[in-house]
Amino acid sequence: MTLALFIALGLPLLLGPLLGPLGRVFGRRVGWVAFGAPVLATAALLWLAREVGLPGSRVIEFPWIPSLGINLSFLLDGLSLFFALVVSGMGVLVFWYANFYLDDHYEHHGRFYAYLTLFMAAMLGTVLANNLMLLFVFWELTGITSFLLIGFLHEEESSRVGARQALLITGFTGLLLLAGVLMVRQVGGSFDLSVLLREGLPVGEHRGWLTAAMLLMLLGAFGKSAQFPFHFWLPNAMAAPTPVSAYLHSATMVKLGVFLCARLFPLFNEYELWAPLLSWVAFGTMVLGAVLALQSHDLKAILAFSTVSQLGYLIGYYGLGPARGVEYDYLHILNHVFYKGGLFMIAGVVIHSTGIQDIRQLGGLWRRLPWLGAACAVAAATMAGVIGTTGFLSKEMMLKEIFEAMRPHGTLGAYAAGCVLVTSVVKVAFAARFFTNVFLGPEPPAVKEHFHAPPLALQLPAVLLATAAVVFGLAPMLLDPPLHALSVAGLHHPSDHLALWHGVTLELAVSTGVLLAGAGLYVWGQRTQWRWARISPALRFDAFFEAGVRMFSKFTKWLTRVLQADRPVSYLPLILVFTLVVVGGWTARALAMEWRVFDWLATATGENGDWLRAFAAALISLAVVGAVLLKQWTTQLISLSIAGFLTTFYFVLYRAPDLALTQILVEVVTLILVLVLLGRFPRSAERGEHTWRPPPLRRALNLSLAVGVGGLMTTLVLWMNARPAAGRIGDWFPAHTEALAEGTNTVNTILVDFRGFDTLGEITVLLIATLGALGLLMRYKRTPEEYRQGPLGPAGMGLHHPEEGKQ
Amino acid sequence: MMGPQSYIFERLVRVVFFLVNMVALYLLLRGHNWPGGGFIAGLASASSLILLSLALGVAAMPRILRFDPVRLAAAGLLVAALTGAAPLLAGRPFLEHFHTHLHGVPLLGDVHVGTPLLFDLGVYLLVVGIACKLIFVLAQSTQGLRALVAEEERRYSSPLEQPLEETAGPDDGKERTDAD
């Protein structure tokens, strides 16, 4: 079992990064190396499905961070295996397709397949994850790889915009998912889905928290599945190469939201908000997506909006699902994979062979591509729900369930039924348009001019998917055993056998009516030449989103400029006032409550009375006063240095040789650093000739801030020292340093052993900060004029005060 | 900091340089049991190098230190991280340290050796590299020298073509010239 799981999930994860360098060696042929990943994964998953003993489930776990309850834990049950098989099976077709689609006109094949393979691994990881934290990690990995794939043709503006939108939306909603996961863990006590599903969520006082967690997790699902108000990123993601659109943005990644709803269904479906929230949003998105698909002219945009619409249905389906469980969700998902994956691949072949993406400029391709035309006819018929395809089965069941749901749900049910009817009609219209206007009718001259025949192998996956739609559509009993085996307790209710013919029922009548109405809508559209069809920006939302992103960027720039001005004088007061108010206020409150503190203070000062220390402290104070009062910068600096070296002496008095050594060396290096920088200052400033006196009010503020913060720090230090010690950590380290760390220098054992991880982090930060400083220094380039003014140049680096010039 | 100004100073620094580094090495090695350690030793070595640059002129330093000190720092981080990661291979927790006692080593007698020393060596290299790099770069810029050679500019500059803010300082994009 472990080995099979490794082949399905670990192998693509390891293979992905290798494909990049391999691509440099093999060129476009690297795709065939990558092709092995989905094939092996599918085989391994099928073997796992047999071994698990469906409808049972199995958990495979490896420790990762056991102390936090985060483990590499995988849940193999019907739901995860169904989605995993969809991902890997579709992966086989898409990798095959990509090998013929990405010809030598494209570059960086290695990188492309690396991203695609990593994406597949991330998808498999997400659906197989048992630990919610692991699910989140893989969830975000799918978002990142999707970003890289959408932006693959990054020379094009639309690619970059689409990639950024997808990353921002899915990344942001992914963080909401993380928040929800953490809340579930806090209340439910476990990250493990298997545990949560077995024991259920606690009922009672935590209901509010769990409702909030549900909302956050559903927002995560909405973002990933492009539900309103996030529906605009998916059409913009179509800037990716078509294999990516077919794989990520129709068949797999966008279904993660559906997957999450299915996973959460047993946990949350009885909550008051579950049904209304999912239904209102998802069914609304369904209508919106369908209308936008009808109004689009770009082949891929039509398909993208229709995907948004179908995802709305799939999510809303779980919203209306009865508590005893849903029945036909797999059928709906599988049906969508068959026709939408197929249509995307067909659109890809058309774009590939004609170079045209606008449906109004296409036509008459049937004679040139009969196989593809037939596949397209079947796929479009499946989308429309014509009898004899899986689409028909799906639509029959959809109508049946929606009519059933109308009774318990009242208004909500009626709303959903209305949405489903409208959408079905519109869907028939754009399905008809997709097939008819591309493959039938006269052939425009542009097509004649550009057409070059695509290889038959490129058309194969689409034909296979269309065949599957017909075979299962005509013989639905073939679908029964696997779907039954994959059903999951809690989520599914045993369904009736699928059948092609249910007799003359209400659903059949409605279905026929829908087909006729849709055909009518198509004919009307043809007559008006679709002139009315232009998407209003108010419906697409991406203009708002882009404006929001720009506003946010402006806001942060403004904030940065205010808080991070060149001169500390302009932002230090803000920080100090904040410190005084928060820390000072808290200290005052605590002092008011603990009157004994003054007794401690009295005893502490009595005990620690030591004339040598007092003498050192007095000298330090003197040096500091000198630093403040002296006029010339060099003397100020020397005075400050004296204070620093006297502090070293103070450390020696406290028997802390390590600190003293460090202090001496830090003083030396800092002194040199400041001296070097002083070389930049104009001579007059160095001699203290330019003294800028702030206005009296400002001086008063500065003075009070200085006294206030100084007083606060003194109080805090005295207080901490005076407080009777209770189990101080300072005593623990010296006592254990020899036994545990085999060293007698406690300071050093803390640094390298007890707190070695901290040290590692600190030195990493040091290196990062240095690289950042070098980058900043690079930004400061002097102009030739400045160079002409001599080696020191003008006083630069923001040292001139703006008001200096006026005086 | 304008290059060699005093013969006495220069000769003296050449001697002091080795003395300081001997002390730094001593501090590094004894760190685990007596006052000392990687950070302190690193600062000592860095100040010896800075002293050398004061005596010989910072422009002469690239000839003495033939590599970018940042590489030294990166190597230090690598040493520390690898020391931490090594126990993972044996299935032990990250950053676990191991010790051994050697008896009767010539000249030194009984010696206590452990992986903390390797970790400290990493800290030492990093501190030396960073302190030197920053001070040299700043010193060069204040003396009108090119702060970073062309190769370094490529290495440390961001690939951004436009400045991050519109309010960026004067930057006409021309190559600058050395002033002296």
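## Helices 1 and 2 of chain B

In this predicted model, helix 1 of chain B spans residues 7–30 and helix 2 of chain B spans residues 38–56. The two pack at an angle of about 170°. Their axes lie 9 Å apart. Angles over 145 degrees count as roughly antiparallel, so helix 1 of chain B is roughly antiparallel to helix 2 of chain B.

By class, this contact has 16 nonpolar, 4 polar and 1 charged residues. Helix 1 of chain B contributes residues including Phe9(B), Glu10(B), Val13(B), Phe17(B), Asn21(B) and Leu28(B). Helix 2 of chain B contributes others, among them Gly38(B), Ile40(B), Ser45(B), Ser48(B), Leu52(B) and Leu56(B).

## Chain B as a whole

Chain B has 6 helices and 2 strands. Along the sequence they follow the pattern α-α-α-α-β-β-α-α.

Of the 180 residues in chain B, 36% are buried. Now take the contacts in chain B with a separation of 6 or more. Residues 24 or more positions apart account for 68% of them.

## Helix 3 of chain A

Helix 3 of chain A covers residues 78–101, 24 residues in total. From its first C-alpha to its last it reaches 33 Å. That is close to the 34 Å expected at 1.5 Å a residue.

Of its 24 residues, 22 are buried, so helix 3 of chain A is largely enclosed by the rest of the structure.

Definitions and conventions:
Residues numbered from 1 in each chain as written. Chains lettered and ligands numbered in written order. Predicted model: local features only at pLDDT ≥ 70, side-chain atom pairs only at ≥ 80, totals over all residues. Helix = DSSP H or I, 4+ residues; strand = E, 2+ residues; numbered from the N terminus. Buried ≥ 20, exposed ≤ 12 C-beta atoms within 10 Å, placed from the backbone. Contact = placed C-beta atoms within 7 Å. Expected span 1.5 Å × (residues − 1). Axes fitted to C-alpha atoms, helices over the stretch in contact; angles between N-to-C directions. Parallel < 35°, antiparallel > 145°, perpendicular 65-115°, else oblique. Nonpolar A, V, L, I, M, F, W, Y, C, P; charged D, E, K, R; others polar.
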